[in-house]
Amino acid sequence: ARLVAKRPLDLVVYGVAAAEGIEDDRLKSQTGIVEWLKELGFRTPERLWVCSSADELITAIDELDQMRKNISYETDGAVIKLNQATLREEIGFTSKAPRWAIAYKFAAEQATTRLRDITFQVGRTGKITPVAELEPVFLAGSTISRATLHNEEDMRRKDIHLGDSVVIEKAGEVIPAVVRALTEGREPDAALPVFPEKCPECSSRLERVSDVLTRCPNPDCPAQVRGRLEHWCSRGAMDIEGGGEVLVRQLVDKGLVLDVAELYRLKVGEVAALERMAEKSAQN
């Protein structure tokens, strides 16, 4: 409850993983759980639908699709759950997911904008990804100026030319991606993007592994080093606070850290000397 009070817009609570020492009949159903959580002061979903037939479920999903643009947080679909907890226990789980719940994804929201250029990004494994540089456009709650084209084959298959009008969407409502080019009105001399032969970061000759994978073979490529360090610091790995893209880039550019082990040899003074850092933030 303290977390909700401190950050009221960041957290929506809709379920209980486990409850011990609590005698409350409301924990026997999804609707009761949400009512109980709301009473405790947690922020809960703005609306629940209780349905007893397939037609009612479809109607509820359609209603959510209509109202979700006015909800104060992003939604990309609905979750259909069996209401009664006792029946959930009886139905159980597969090896990967509960049998008593299923996700329904809405069609991704799309927008049209102009492709300014294509740059090439080097990932932590050396994979080269074409990135569309776009005229900024507002889509699904944020302004988008870059979108992925996945790989060379994807770029060719979509017949992307520089200067094209393109349709973009947020894949899974998160990662912007180019869906297709709009060929109407394309300039006759519009150029096809050229996939590089050398790494844009370290100039090593690229290896074409397959139609969908081109990679930089140099493990000391600065982009790969940064990618490995960012991954190591990320929440899903070692969860090192402050170890984000900006700090990692500075550490690599200054030659202070070139592999994961060197993160643990850093001295406070070395970090404090970096741009936008001070003694306290360096110590943290």
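## Close-up views of a predicted model

**View A. Helix H4 gives the largest share of the lining of the second largest pocket, four residues.** By residue type, the lining of the second largest pocket holds 11 nonpolar, four polar and seven charged residues.

View B. Look for Arg-47, Leu-48, Ala-78, Val-79 and Ile-80, which lie nearest its centre among the 35 lining residues. Elements giving two or more residues to this lining are H2, helix H3 (54-67), strand S1 (77-81) and strand S2 (101-105). The lining of the largest pocket is made up of 21 nonpolar, eight polar and six charged residues.

**View C. Met-238, Ile-240 and Tyr-264 make a nonpolar surface patch of about 300 Å².** To find Ile-240, follow the loop between helix H6 (222-233) and helix H7 (245-253). Ile-240 counts as partly exposed because its relative accessibility is 30%, between the 20% and 50% cut-offs.

**View D. Gly-21 sits in the loop between helix H1 (2-6) and helix H2 (30-40).** Is Gly-21 buried or exposed? Its relative accessible area is 85%, so Gly-21 is exposed, the cut-off being over 50%. For a sense of scale, the C-alpha atoms of Gly-21 and Val-194 are separated by 64 Å, with the two residues 173 apart along the chain.

How values were computed: Residues are numbered from 1 along each chain as its sequence is written. This is a predicted model: local features need pLDDT of at least 70, side-chain atom pairs count only at pLDDT 80 or more; totals for chains, interfaces and linings use all residues. Side-chain values use heavy atoms; hydrogens and water are left out. Buried means under 20% relative accessible area, exposed over 50%, partly exposed in between (1.4 Å probe, protein chains only). Patches are made of residues with over 30% relative accessible area and no salt bridge: like charges are joined within 9 Å, nonpolar side chains (Val, Leu, Ile, Met, Phe, Trp, Tyr) within 5 Å. Accessible areas come from the Shrake-Rupley method with a 1.4 Å probe; for residues, only the protein chains shown count as cover. A salt bridge is a side-chain nitrogen of Lys or Arg within 4 Å of a carboxyl oxygen of Asp or Glu. On a 1 Å grid over the protein atoms alone, a cavity is a set of points where a 1.4 Å probe fits but cannot get out, and a pocket is an open set with protein on both sides within 12 Å along at least five of seven lines; lining residues have an atom within 4 Å of a point. Ala, Val, Leu, Ile, Met, Phe, Trp, Tyr, Cys and Pro count as nonpolar, Asp, Glu, Lys and Arg as charged, and the others, Gly among them, as polar.
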